[in-house]
Amino acid sequence: VSGADGPSDEARAERRVAVCFGLSVVAGLGLTLVYVLGGQPQAEGGLLFLALGFLGLGLVLWGKELLPNDPVTAPRGSHESSSGDREGVEEAFTRDQDGIFRRTFLLKMLLLAGGSLGVAALFPIASLGPTPGRALKHTSWAKGKRLVQENGTPVRPSDVGVDNILTVFPEGTGDDPQIQSDSQVVLINLGSAKQAVRKGRATWAVGGLVAYSKICTHAGCPVGLYQAQGSARSAHHLLCPCHQSTFDVLDGCRPVFGPAARSLPQLPLALDDQGYLVAQSDFTEPVGPSYWNRT
Ligand code: FES
């Protein structure tokens, strides 16, 4: 910018940019305050709009009004500046110290505006709630807990006929939805069907009765459809109605079709001294969608 009133134009432009950044800082701090005081979605949205808007406007004004916009060309040849050029730069630097100071001030304002927005952006992290910790690795099953039906009746082996299934819960569930959701188990009577017993699980069945988590390892739907009869390749299959994952009960509920990638966890069974079915322990692996199992 040149001319008699050039410097004052530049000063006015710098003031406009500084005001924009200042308003962005105020809006950013307001956003933080609203969030700390309990949050109000409309106010938060409005303040975020103002903070980002003034920040953007300030940057646009800075670029349009304070940075050189003319094309700059230089002849090819030696890259070394002539002594005249160097003296010219030194002279301009000395003359324009005030301008340089003002640009530093603008830079600080810009950092302040970005910082206040950054602080406001940190607060939503608090909305994520506590981490689940190890809670997802455990259910309400424990050693000696009886298997009960939905109405609380304890289950004897004779309550489940061959090729039938029964959904059961740990005793004392009540109406607790959390327990209902992660501890539900499907009890299956395989009769004398030959099972491929997994290593270390030889004592987990009671007669032909086996118990598996009812929570699909794909996305957590209840696996409630049982196909007892059929060809050798389709009998004794548990099916998930959501995305058709199919689990082979004779092979440790290994997934044989569909998107599930992990077997249904098995609950070790035993009988108590009154002849009711009980758990030997909790599940030995996490129940539910398999992404919880990635550590
Ligand atoms: S939730 Fe079972 S297949 Fe998707």
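Is His236 buried or exposed? At 11% relative accessibility, His236 counts as buried (under 20% relative accessible area; exposed is over 50% and partly exposed lies in between, with a 1.4 Å probe and protein chains only).

## Basis of the report

The model is predicted, so that local features need pLDDT of at least 70 and side-chain atom pairs count only at pLDDT 80 or more, while totals for chains, interfaces and linings use all residues. Residues are numbered from 1 along each chain as its sequence is written, and side-chain values use heavy atoms, with hydrogens and water left out.

## Positive phi values

His236 is placed in the loop between β5 (225–227) and β6 (237–239); helices (H or I, at least four residues) and strands (E, at least two) are DSSP runs numbered from the N terminus. Its phi is near 55 degrees, a positive value in a residue other than glycine.

Asp163, also not a glycine, has a positive phi of about 70 degrees. Asp163 belongs to the loop between β1 (147–148) and β2 (165–170) and is partly exposed, at 22% relative accessibility.

## Asp272 and its contacts

Asp272 sits in the loop between β10 (269–271) and β11 (277–279). Neighbours within four places in sequence aside, Asp272 is in contact (heavy atoms within 4.5 Å) with Arg146 and Val278. A polar atom of the Asp272 side chain lies 3.0 Å from the backbone nitrogen of Gln274.

## Leu37

Leu37 is located in the loop between α1 (6–36) and α2 (41–66). With a relative accessible area of 69%, Leu37 is exposed.

Conventions: Polar contact = N/O pair within 3.5 Å; in protein donor to acceptor, adjacent residues only side chain to side chain.
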